[in-house]
Amino acid sequence: MSGQRVDPERFLKELDSWLAQNSAQLVAWRRDFHTNPELSRGELRTTRVVFDELTSAGLSPRILPQGTGVVCDLGPAGPLVGLRADMDALPIAERTGQPFASTVEGVSHACGHDGHTAILLGVGKALASMDDLPIGVRLVFQAAEEVMPGGAVDAVAAGVTRGVSQFFALHCDPKLEVGKVGLRPGAITSAADHVELVLHSPGGHTSRPHLTADLVYAMGTVITGLPGVLSRRIDPRTSTVMVWGSAHAGDAPNAIPQEGRLRGTVRTGDHATWALLEPMVREIISGLLAPLSVRYDLVYKRGVPPVVNDPMSTEMMRQSVMNIGPEALAETAQSGGGEDFSWYLENVPGAMARLGVWSGHGPQTDLHQPNFDLDERALAIGVRALAGVVLAAGQTMR
């Protein structure tokens, strides 16, 4: 591949020709990954399939140091544009009823990573079939997106961002109709941290709470107090929210328990606020529990920062989507969910877009639900969007 000036019309025509010949293969890859899901950092089979398919296209992929995940460069020497897909599944039993449903008990691709992997594999094979590319490309098939702080940390440590000028990714959006790609400059996801609080009391009889430390009352104070105080300490425009997901203490109705456990998440849409959250949470919990004589252990796990789409990179993605058709472009709101693609953007600029996967008929399921599924027509749209951003990047950076 020479890296000479590439005619945009010819590039898009070659891309469409590849898709016309290989759309069934895209579906086959997706269904294969879907039937054989693998949990975070256990994506050994998926890694091998991706590695073998890229090798068969004449490329030279490398398996990342953790043993799962693949990186592959192609195209001319010089600046690179990075494209990323995540590969891991979730510990959720599938309830779609599809003939290609998960064969692994209690594990399924309930977040669309099977589609992400098939799309990027298609992009790699399509680009490898072209005579010339406008810019070098780095494909990153990343493990362990679903666990914090995410496999992106390992991928970045392995050097996948070195030499890359921009990074791009797609994520399935079951609220967006197939054929649409949602874009948003600025923050498109939120920071997400985990809080685990274990409280300790001598215990005692519920008839005499004044002679001990009332652990359940203390838990209730924190359950309501921490979200409430945070909402008064942080600008509401940052979309910061603290929600408990688990609370447990004791079994007997007439006994004050000796131990209780709370677990929850703290999320914010603002990068600067993310840096303030841990010390503020620690301060508030200390103040809430100080009068109640309850001892506690707090584990605060910082998760991922927000994905903040760079304006120039967002414009490159917009150009790519417009080449699919003006009707393909959609606006999208900032999500409260976390996404470890943000770690790439801590190192280089880039953008994530939302890929519509709803068929337009029937109920709109959500990510991480056992009945989540995607309209497979979205796979070709995804290939068109990610491969097209290579063209847009090459034209912008020439």
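This is a predicted model: local features need pLDDT of at least 70, side-chain atom pairs count only at pLDDT 80 or more; totals for chains, interfaces and linings use all residues.
At what angle do helix α1 and helix α2 pack, and how far apart are their axes?

1. Helix α1 (residues 8–35) packs against helix α2 (residues 44–56) at an angle of about 160°, and their axes are 10 Å apart. Angles over 145 degrees count as roughly antiparallel, and α1 and α2 are therefore roughly antiparallel to each other. The crossing of these two helices is right-handed.

2. On the α1 side, the contact involves Trp-29, Asp-32 and Phe-33, which meet Arg-45, Thr-46, Val-49, Val-50 and Glu-53 of α2. By class, the residues of this contact comprise four nonpolar, three charged and one polar.

3. Four strands form an open sheet in the order β10-β12-β8-β13, and their pairing is antiparallel. Strands β10 (241–249) and β13 (295–304) are the edges, each pairing on one side only. On average, and with direction ignored, neighbouring strands of this sheet are turned by 15° against each other.

4. Within the sheet, β8 (residues 191–200) pairs with β13 in the antiparallel sense over eight bridges. Leu-199 has Tyr-296 of β13 as its bridge partner.

5. Two helices lie across strands of the sheet. Helix α5 (residues 215–233) lies across β8, β10 and β12 (259–268), and runs at about 170° to β10. Helix α6 (residues 271–289) lies across β8, β12 and β13, and its direction is at about 165° to β13.

Technical notes
Residues are numbered from 1 along each chain as its sequence is written. Side-chain values use heavy atoms; hydrogens and water are left out. Two strands pair if DSSP finds at least two bridges between them. Axes are lines fitted to C-alpha atoms, for helices over the stretch in contact, and angles run from 0 to 180 degrees between N-to-C directions. Contact means heavy atoms within 4.5 Å. Angles under 35 degrees count as roughly parallel, over 145 as roughly antiparallel, 65 to 115 as roughly perpendicular and the rest as oblique. A crossing is left-handed if the near helix is turned anticlockwise from the far one by less than a right angle, and right-handed if clockwise. Ala, Val, Leu, Ile, Met, Phe, Trp, Tyr, Cys and Pro count as nonpolar, Asp, Glu, Lys and Arg as charged, and the others, Gly among them, as polar.
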